[in-house]
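Dear colleague,

Please find the structure below for your files. My notes on the backbone and on one helix follow it.

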Amino acid sequence: MGTSIKKRAKRSAIDLQTRWQKTMQLNYGIPNLQLEHGKGLEVWDNNGLKYLDFLGGIATNIMGHGNPKVVKAITEQSKKLSHVSNFYAHAPGMDLAEQLIHMTGSDEARVFFCNSGAEANEAALKLSRLTGRTGLVAAKGAFHGRTMGALSLTGQPTKRNPFKPLLRNIKHVDYGDIKALKRAVSKRTAMVILEPIMGEAGVVVPPSGYLKAAREICDSKGALLVIDAVQTGMGRTGCWFGYEDEGIKPDVITIAKGVGGGLPLGAMIALGKSAELLQPGMHGTTFGGNPISCSAALAVIAQIRVGNHLQLNKVKGALIRNLISPIVGVTEVRGKGLLIGIVLKSNEAKSVSEKMQQRGFLTNPASENVIRIAPAFIVTESQIMKFVTAFNDVCEEVFHG
Ligand SMILES: *Cc1c(COP(=O)(O)O)cnc(C)c1O
């Protein structure tokens, strides 16, 4: 990078931050990058600098930026119909619901479409109330969204505390601790909600057998088991929803993030008897499952199937883990498939992420000592090698220098 470009980029970042602060509320960090366009894993900023996007819009742009088939699906659908209201059916919505049901392996599953992860979890929460019970159990550190109901489930005090009082009758238990879960679940528990891997908490993988035990505990007390697959879902970990390895069947699956390939879309999928709980008029949304987002999702799913990405995500994930693990300063590489948390030996995640950005790679410091990456499924071996080389150089600088 020439010095003049570097200078221009720096000035441009300062201009952006000034403009941002004059317009936006304070809830987000102040960005230092304005992205203009993308192609596959590559994105360009407003100075024409290129980055390899290893965060994928936080596990969302699963087929990459500007994916031609997604673009075509969106374009063609927007010429036909963008919105119809939930008084009418439309083909993309029907097709997508059938696809999702097929993925669950349960013919009796039923779908409710919404726009986001929080909304999917809100829907699950409301559905759980229809069991006649009110107790809720979630994990400490879990992330389930920011709306008041979803926030009540979210197990992170810093996010919850400013907004109390939240929903009552919620217990947060240590993630992965079967005994703690057993103690928390009772005959008054409406639902237990768990992420197959805690994404926002820094890609925390539970011990194997945890979800299976959760299933048994829920069964013994008659509570619903809700799997929040918003981040793990749509094949990222090597199976459709992130829990299948455990050989369980949840009562409810929530998805969002990746399903729309970058467009806003979420779903609450109820299996078995819980699919009969919501009655006409009890829940709804204006935009949820709109034809354009559903068309994008269909284009995404078709490509995942044709490209054999479930299998490939496991292979690519293993490659990244094997190459990153020996790097100096890395104590552990967590995750499954293409949801990966790189644990550093000290709280340098922010600095490592910034240095990666300077070298042209987008990553996320999920916590003080964890770098999260969740690249699009189309990431190539050569892009992975470039990432690993840069990561190695940055770690040399940070942990040796
Ligand atoms: C991101 C996320 C959510 C919230 O999704 P939004 O679309 O931001 O509302 C919920 N659960 C998990 C596991 C997530 O990663």
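Predicted model: local features only at pLDDT ≥ 70, side-chain atom pairs only at ≥ 80, totals over all residues.

Residues are numbered from 1 along each chain as its sequence is written, and side-chain values use heavy atoms, with hydrogens and water left out.

Helix α4 covers residues 91-104; helices (H or I, at least four residues) and strands (E, at least two) are DSSP runs, numbered from the N terminus. Its buried residues include Leu96, Ala97, Leu100 and Ile101, where buried means under 20% relative accessible area, exposed over 50%, and partly exposed in between (1.4 Å probe, protein chains only). Seen down the axis, the buried residues of α4 fall within an arc of 160°, so they line one face of the helix; the arc is that of the directions from the helix axis to the C-beta atoms. Glu98 and His102, on the other side of α4, are exposed. After α4 comes Gly105, with a positive phi near 75°.

Most residues other than glycine have a negative phi, and most peptide bonds are trans. The bond from Lys164 to Pro165, however, is cis, with omega near 5°. Pro165 lies in the loop between α7 (157-160) and β6 (170-173), and Asn169 is found in the loop between α7 and β6. Asn169 has a positive phi near 60° and is partly exposed, at a relative accessible area of 48%. Met234 also has a positive phi, near 60°, but is buried at 1% relative accessibility.

With kind regards

Methods: Expected span 1.5 Å × (residues − 1).
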